[in-house]
Every structure is written in C-alpha cells, then in structure tokens.
Amino acid sequence: MKTCTKCGAEKPLSEFYLKGKSRPGQYKSHCKSCGHVSFHVWYAKLGSHEKKAKNTQKWRNRNRDLVNARQNVYTARLKEETIAEYGGRCTCCGETETIFLLIDHKFGGGNVERRQIRRSAGKAFYLWLKKQGYPKNKYQALCHNCNQAKSAYGICPHQADHHFA
C-alpha cells in the first residue's frame, strides 16, 4: 500500500505507475487517477495542436544536442539489435565488430526494394526490418569489405577460389 501525495488516499501499488525503466521497482508519488487529471489539465493549458507542435519544435531546437545524442544512442541500439538478429557477424568472413557490419540483400536489388518500401537506409530500414520480423530469406549481415566485393565482383574473395587483381 502507498499513499498518494495529491489525493491523500492509501491505495495498492497497482494503482501507481512505475517511475521508468531506469528505476525498477520505484513508483510515482501520485496515483494513476491523479496523474490522469494532472495530465489533462496540463494538456488543456497548451491549447491547440498547432501550439503544442510549435512548443515541441521550440524545445527540440533549444535542446538540439540532447535530441541528437538520444537519437544516436537509439539508432546504435537498433543497429546492434538488427545485426544480432542476423547472426551478429559477417556471413562471409565472420567479422563481429558492429561498426563494420551492415545488412545486405542476399540476391541484390537493394536500391529497387528500398525505393518500393520507401526506406533508404539506417534507422528507417532497421525499423522496417524489425516490423517485418527480421526476414532471414532475403537479408544477411555482411561487413563493408565483403559487401563492396560482392557489389563490384559479384562474389566476395572469401568465397572465390582465386585472387582478384
């Protein structure tokens, strides 16, 4: 049981939201009901949707470094998760350093497909793959070297019996 700091009622913990992922087991000081009321009062004070969007954009502009840092962390985690889903290593040479890895279209045609699904590369493509359940039949993890060799020669030197000049 916990006492709400807004309404003063004693309620079970299920009536309180958790503080967040970074604070496991810690609950907010006000109950869910009081939180909903506070949110709606605050939201009503903001006014129109356009005003809310304008305020959000102002905040993002004032905190550009923070926004960029958070996006970079999110994108890096998403890339690591995606690469892990495709084995966590280059399918050809076994390279495991994430910074060197990318997602390759096994049978080519990546440019055409990205235009069709309207996802260029990076975060948008990783999110699309995640939404599709990380399909393994068309994609694989490759390092940049193996990917470039496959693009230039049709096959990576690791897979060929001869050396390229």
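**Note on the predicted model: pocket, helix packing and an aromatic pair**

1. By class, six nonpolar, nine polar and three charged residues make up the lining of the largest pocket. The structure is a predicted model, and the points below should be read on that basis.

2. The largest pocket holds about 330 Å³ of space. Its lining comprises 18 residues, and those nearest the centre of the pocket are I103, D104, H105, R114 and N147. Four elements each supply at least two residues of this lining: strand 3 (101–105), helix 4 (110–117), helix 5 (123–131) and helix 6 (144–153).

3. Helix 1 (residues 32–46) packs with helix 2 (residues 49–62) at an angle of about 95°, and the two axes are 8 Å apart. Angles of 65 to 115 degrees count as roughly perpendicular, so helix 1 and helix 2 are roughly perpendicular to each other. On the helix 1 side the contact is made by Y43, K45 and L46, and on the helix 2 side by K51, K52 and N55. The contact of helix 1 with helix 2 has three charged residues, two nonpolar and one polar.

4. Helix 2 also packs with helix 3, at an angle of about 85° and with the axes 4 Å apart. This angle makes helix 2 roughly perpendicular to helix 3. Helix 2 contributes Q57, W59, R60, N61 and R62 to the contact, while helix 3 contributes R64, L66, V67 and R70. By class, the residues of the contact of helix 2 with helix 3 are four charged, three nonpolar and two polar.

5. Four aromatic pairs are found in a search of the whole structure. One of them joins Y86 and Y134 in an edge-to-face arrangement, at 6.1 Å centre to centre and with 80° between the planes. Y86 sits in the loop between helix 3 (64–85) and strand 3, and Y134 in the loop between helix 5 and strand 4 (139–143); the pair therefore ties together parts that are 48 residues apart in sequence.

Conventions: Residues numbered from 1 in each chain as written. Predicted model: local features only at pLDDT ≥ 70, side-chain atom pairs only at ≥ 80, totals over all residues. Heavy atoms only, no water. Axes fitted to C-alpha atoms, helices over the stretch in contact; angles between N-to-C directions. Parallel < 35°, antiparallel > 145°, perpendicular 65-115°, else oblique. Contact = heavy atoms within 4.5 Å. Nonpolar A, V, L, I, M, F, W, Y, C, P; charged D, E, K, R; others polar. 1 Å grid on protein atoms, 1.4 Å probe; cavity = no way out; pocket = protein on both sides within 12 Å on 5 of 7 lines; lining within 4 Å. Points joined across faces, edges and corners; volume = space filled by probe spheres on them. Phe/Tyr/Trp six-rings, centres within 6.5 Å; stacked < 30°, edge-to-face > 60°.
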